[in-house]
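Here is a walk through one protein fold, written for someone who likes to check geometry by eye. Keep the viewer open as you read.

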Amino acid sequence: MQVNLTGRTALVTGSTQGIGAAIATALARSGATVAVNGRTSDSVTAAVKRLRAEVPDAEVVPVAADIATGEGAELLPEVDILVNNLGIFEPRPALEITDEEWRRYFEVNVLAAVRLTRAYLPGMTGRGWGRVQYIASDSAVVIPAEMIHYGMSKTALLAVSRGFAKEAAGTGVTVNAVIAGPTHTGGVEDFVHELVDRDLAWDEAQRVFMRRHRPQSLLQRLIEPEEIAHMVVYLSSPQASATTGAAVRVDGGYVDSILP
């Protein structure tokens, strides 16, 4: 399937590394003008340079802004594709998570996405076309004992996505959540080594992690960020016009369910 997003503008939050960077690159390959977002000018400049090296003819807009603070509500005047990817995670014993940490996870992982949706959804519905996506996680469904505050925030994104899909009903705008499974990123490498053994080589640490902490994965390996990006590009496309209000899984079969 050839996806052509020429003429569309996409904003991918938290897109200087990991899943966000892979999504930005994949959307650029499909012809979209892509706004790369990060908190600092240096991180955004470096990410834009890497993207242009991979996609030399890419149309890229650097956007340095900490959207968790609310300033991201007016990053660009108009967006056709909004990918709410920004998220934080960290393992914490359940009974040691403070009120401040609960609030921070809600602010960064949920409320930042709500603000941007509120900012851009009216324009999309007015033009009769648009795509809003929330990068959720298997942790939204299978709450991890080692970071229930993170799981809570991703569960909230599923509710937010379904609710805004109803708000956009009949307008030509689709709103969906992508349930990403355990994914191989730099941050996850640190997380895996912290839970397993920092002295193990990465390939062995990954195998031990999947066996001990994610044994229900049918892939039995971490997912690569590009595999998540493929789904995001499809959901951003005209071909996905009948998919809305959905929580689409790219989880390697991690969630033990026959439903999407």
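Which residue in β5 is the bridge partner of Val83? It is Gln133, and that pair is a handy place to begin in this predicted model. The two strands concerned are β4 (residues 81–84) and β5 (residues 130–137), which pair in the parallel sense over 4 bridges.

**The sheet**

Zooming out from that pair, you will find an open sheet of 7 strands with parallel pairing, in the order β3-β2-β1-β4-β5-β6-β7. Its edge strands are β3 and β7 (247–250), each of which pairs on one side only. From one strand to the next, the twist averages 20°.

Another pairing worth a look is the one between β1 (residues 9–12) and β2, again parallel and again over 4 bridges. Here Leu11 stands opposite Ala35 in β2. Strand β2 itself is mostly covered, with 5 of its 6 residues buried.

| Strand pair | Sense and bridges | Residues facing each other |
|---|---|---|
| β4 and β5 | parallel, 4 bridges | Val83 and Gln133 |
| β1 and β2 | parallel, 4 bridges | Leu11 and Ala35 |

**Helices on the sheet**

Helix α4 (residues 148–167) packs on the sheet and touches β5, β6 (173–180) and β7. The direction of α4 makes about 155° with that of β5. Helix α7 (residues 225–236) lies across β4, β5, β6 and β7, and it runs at about 165° to β6.

**A closer look at α2**

Helix α2 covers residues 41–54, which makes 14 residues. From its first C-alpha to its last it reaches 20 Å, close to the 20 Å expected at 1.5 Å a residue. Its buried residues are Val44, Ala47, Val48 and Leu51. What covers them includes α1 (18–29), β2 (33–38) and β3 (60–64).

**The end of the chain**

Even so, Pro260 has partners beyond its neighbours within four places in sequence: it is in contact with Ala247 and Arg249. Pro260 and Arg249 are 11 residues apart along the chain, yet 6.1 Å separates their C-alpha atoms.

**The chain as a whole**

Taken together, the secondary structure of the protein chain comes to 7 helices and 7 strands. Along the sequence they follow the pattern β-α-β-α-β-β-α-β-α-β-α-α-α-β. The radius of gyration is 18 Å, close to the 18 Å that the globule rule gives for 260 residues, so the protein chain is as compact as a globular protein of that length. Along the principal axes, its C-alpha atoms fill a box of roughly 50 × 40 × 40 Å. Of the 260 residues, 51% count as buried. As for contacts with a separation of 6 or more, residues 24 or more positions apart account for 71% of them.

Note on methods. Residues are numbered from 1 along each chain as its sequence is written. This is a predicted model: local features need pLDDT of at least 70, side-chain atom pairs count only at pLDDT 80 or more; totals for chains, interfaces and linings use all residues. Side-chain values use heavy atoms; hydrogens and water are left out. The expected span of a helix is 1.5 Å times one less than its number of residues. Buried means under 20% relative accessible area, exposed over 50%, partly exposed in between (1.4 Å probe, protein chains only). Contact means heavy atoms within 4.5 Å. Two strands pair if DSSP finds at least two bridges between them. Axes are lines fitted to C-alpha atoms, for helices over the stretch in contact, and angles run from 0 to 180 degrees between N-to-C directions. The radius of gyration is taken over C-alpha atoms; the globule rule is 2.2 Å times the number of residues to the power 0.38.
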